[in-house]
Amino acid sequence: HSPPEQPGDKPSEPGEVQRKEVCRWPCRCPPVPACTPGVSLVKDGCDCCKVCAKQAGEPCNEADVCDPHKGLYCDYSEDEPRYETGVCAYLVAVGCELNGVYYANGQTFQPNHLYKCLCVSGTIGCTPVFTPRLAGTPCTRVPGRKRPGQSICGLEQHKQLQSNNYRMMSAYRSLPLVLKKKCLIQATPWTPCSRTCGIGMSSRVTNDNRKCEMKKEKRLCFIQPCLTNMLKKIKIPKGKTCQPTFQLPTAEKLVFSGCSTTQRYKLTFCGVCLDKRCCIPNKSKMITVQFECPNEGSFRWKMMWITSCVCQRLCSAPGDVFSQLKLL
């Protein structure tokens, strides 16, 4: 006589290998766990409970899923023919290249003593090992030094500073990455221009400076001139609904905060559409412009120089922090 069937077990066909069922419904979930840093909190494979995702080399199954944010999947190839328990492995994907060195997908590496990096599907993400504070450190004062207030730290104090006093500075971006004087240059994308017409500003956060510190950087932007009727002054070709770019007939000086540029510029502006599409900058470069103010001297500003624009249906107001979000 065959043993009675247990709840959750499926009757096996002749010659079929019995696979254990790991999911049970209705869901009974323990408290939400606190995952270690770098481990994703995801919903289990049964679509029931929040769990800490399994990492590379750890066992996995239908319920215990591998970390999807690191490109991991459950490899059942060693559990043939049951395919019940597997091992988390990286998906076959392109690696990364930095300064002529190739790194495999999922590989952790340290290009220098300042940064630790991870390669995930062709993209490199890096965080600094530590950034010690230069002032206000609890180090012992050294008497007899020529410069007053000069201090020195012992080995143990250095270790304490490295472990406690640091600033996280992570930024994921596509290749290529640049190492400049032991500084891995990272930057966020430029924000949209603050004005749809006239001279506005956009900003980003970058460490492309002498101290390799993450700082906010601003630049001027000029998407369109403030014309009363754009459609009458921009010629849209026959059979087309959009004119991506246009230029004014003559070069003109730029006016900003009551000051004007020393040179005249013939800028490329983003155009208009007859339908509901909007035109935004697609390609640009950075230039430096100099302004002169009446009886107040002069100053220089970095400015976005538009080279091409693209017309699209996804339009948002300038400065809208939710512009990249989409309703599902």
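The model is predicted: local features need pLDDT of at least 70, side-chain atom pairs count only at pLDDT 80 or more, and totals for chains, interfaces and linings use all residues. Residues are numbered from 1 along each chain as its sequence is written, and side-chain values use heavy atoms, with hydrogens and water left out.

**Nonpolar cores**

A nonpolar core is a set of buried Ala, Val, Leu, Ile, Met, Phe, Trp, Tyr and Cys residues joined through side-chain atoms within 4.5 Å. Buried means under 20% relative accessible area, exposed over 50%, and partly exposed in between (1.4 Å probe, protein chains only). The largest core has 18 residues, of which Phe 222, Leu 254, Leu 267, Phe 291 and Met 303 touch the most other members. At least two residues of this core come from each of strands S17 (215-222), S21 (269-273) and S22 (278-293); strands (E, at least two residues) are DSSP runs, numbered from the N terminus. S22 gives the largest share, 4 residues.

**Strand S22 and its partners**

Two strands pair if DSSP finds at least two bridges between them. S22 is joined to strand S23 (residues 297-312) by 15 bridges, and the two run antiparallel. Together they form a hairpin with 3 residues between them, and in the turn Asn 295 has a positive phi of about 60°. Across this pairing, Phe 291 stands opposite Phe 299 in S23. S22 also pairs with strand S20 (residues 259-261) in the antiparallel sense, over 2 bridges; here Ser 260 stands opposite Glu 292 in S22.

Contact means heavy atoms within 4.5 Å. Beyond its neighbours within four places in sequence, Phe 291 is in contact with residues including Leu 220, Leu 254, Ser 260, Phe 299 and Trp 301.

**Aromatic pairs**

A pair of aromatic rings is described by the distance of the centres and the angle of the planes. Rings of Phe, Tyr and Trp (its six-membered ring) pair if their centres lie within 6.5 Å; planes under 30 degrees apart count as stacked, over 60 as edge-to-face and the rest as tilted. The whole structure holds 7 aromatic pairs, and the table gives two of them.

| Pair | Centre to centre | Angle between planes |
|---|---|---|
| Phe 256 and Trp 301 | 6.1 Å | 80° |
| Tyr 265 and Trp 305 | 6.2 Å | 65° |

Because Phe 256 lies in strand S19 (residues 255-256) and Trp 301 in strand S23, their pair ties together parts that are 45 residues apart in sequence. Phe 256 is buried, with a relative accessible area of 14%. Tyr 265 lies in the loop between S20 and S21 and Trp 305 in strand S23, so this pair links parts 40 residues apart in sequence. Tyr 265 counts as buried at 13% relative accessibility. One aromatic cluster is formed by Phe 256, Phe 291, Phe 299 and Trp 301.

**Two individual residues**

Cys 29 is found in the segment before strand S1 (41-43) and counts as partly exposed, at 42% relative accessibility. Not counting residues up to four places away in sequence, Cys 29 touches Cys 48 and Cys 49.

Thr 108 has its place in strand S8 (residues 108-112) and counts as exposed, at 51% relative accessibility. With the residues up to four places away left out, Thr 108 touches Lys 116, Cys 117 and Leu 118.
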